Amino acid sequence: MSKSILIICRSAPYSSSSARDALDMALAGAVFEQPVSLLLLDDAVLQLLPGQRSSAIQAKNPNAMLGALPMYDIEHIYTSLGSLALHGMQADSLEPAPTVLDAEELKHFIARHEVVLTL
């Protein structure tokens, strides 16, 4: 039996392993054919900045894993208007471009998932 899973990440891409762990969890859920949504809030939206060169800090770049999500039937990445505003970002300049939710949409989006995991 499938349960809809929402993985919420709030961590910047290189501050800890949380950002990578969230992507790993999303991929693992999808491999077991669970419907998975990925929501990047607060500093986690920084994962979507294009052109990251993480080799200087000897860290893995999240862009490769984010690019693989559609192969696992995770078609959309979500974020909030508030998270974009926090960093002065526009969704269309990010890769992949996220689906942006306002505060009310965000509340309903979270509520419609049966399992919610926050990292």
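The largest nonpolar core has 23 residues. A nonpolar core here is a set of buried Ala, Val, Leu, Ile, Met, Phe, Trp, Tyr and Cys residues joined through side-chain atoms within 4.5 Å. Buried means under 20% relative accessible area, with a 1.4 Å probe and protein chains only. Ile-7, Leu-38, Leu-40, Leu-48, Leu-66, Leu-69 and Ile-77 touch the most other members. Elements giving two or more residues to this core are β1 (5–9), α1 and β2. Helix α1 gives the most, with six residues. Apart from this core lies another, of eight residues, among them Ile-8, Leu-41, Tyr-78 and Leu-101.

This is a predicted model: local features need pLDDT of at least 70, side-chain atom pairs count only at pLDDT 80 or more, and totals for chains, interfaces and linings use all residues. Residues are numbered from 1 along each chain as its sequence is written, and side-chain values use heavy atoms, leaving out hydrogens and water.

Two residues show the local packing. Contact means heavy atoms within 4.5 Å; residues up to four places away in sequence are not counted.

| Residue | Contacts |
|---|---|
| Ser-37 | Ile-5, Leu-6, Ile-7, Tyr-78, Phe-109, His-113 |
| Leu-66 | Leu-23, Leu-38, Gln-47, Leu-48, Ile-77, Pro-96 |

Ser-37 lies in strand β2 (residues 36–40). Ser-37 counts as buried because its relative accessibility is 11%.

Now the sheet. Helices (H or I, at least four residues) and strands (E, at least two) are DSSP runs, numbered from the N terminus. Five strands form an open sheet in the order β4-β3-β2-β1-β5, with parallel pairing. Two strands pair if DSSP finds at least two bridges between them. The edge strands, β4 (99–101) and β5 (115–118), each pair on one side only. The twist averages 25° from one strand to the next. β1 and β2 pair in the parallel sense over five bridges. Leu-38 in β2 is the bridge partner of Ile-7.

Helix α1 covers residues 18–31. Ser-18, Ala-19, Ala-22, Leu-23, Ala-26, Leu-27, Gly-29 and Ala-30 are buried in α1. Just after α1, Glu-33 takes a positive phi of about 60°.

α1 lies across β1, β2 and β5, running at about 170° to β1. Helix α4 (residues 103–111) packs on the sheet, touching β1, β2, β3 (77–80), β4 and β5. The direction of α4 makes about 105° with that of β4. Axes are lines fitted to C-alpha atoms, for helices over the stretch in contact, and angles run from 0 to 180 degrees between N-to-C directions.

Methods:
Expected span 1.5 Å × (residues − 1). Buried < 20%, exposed > 50% of the residue type's maximum accessible area, 1.4 Å probe, protein only.
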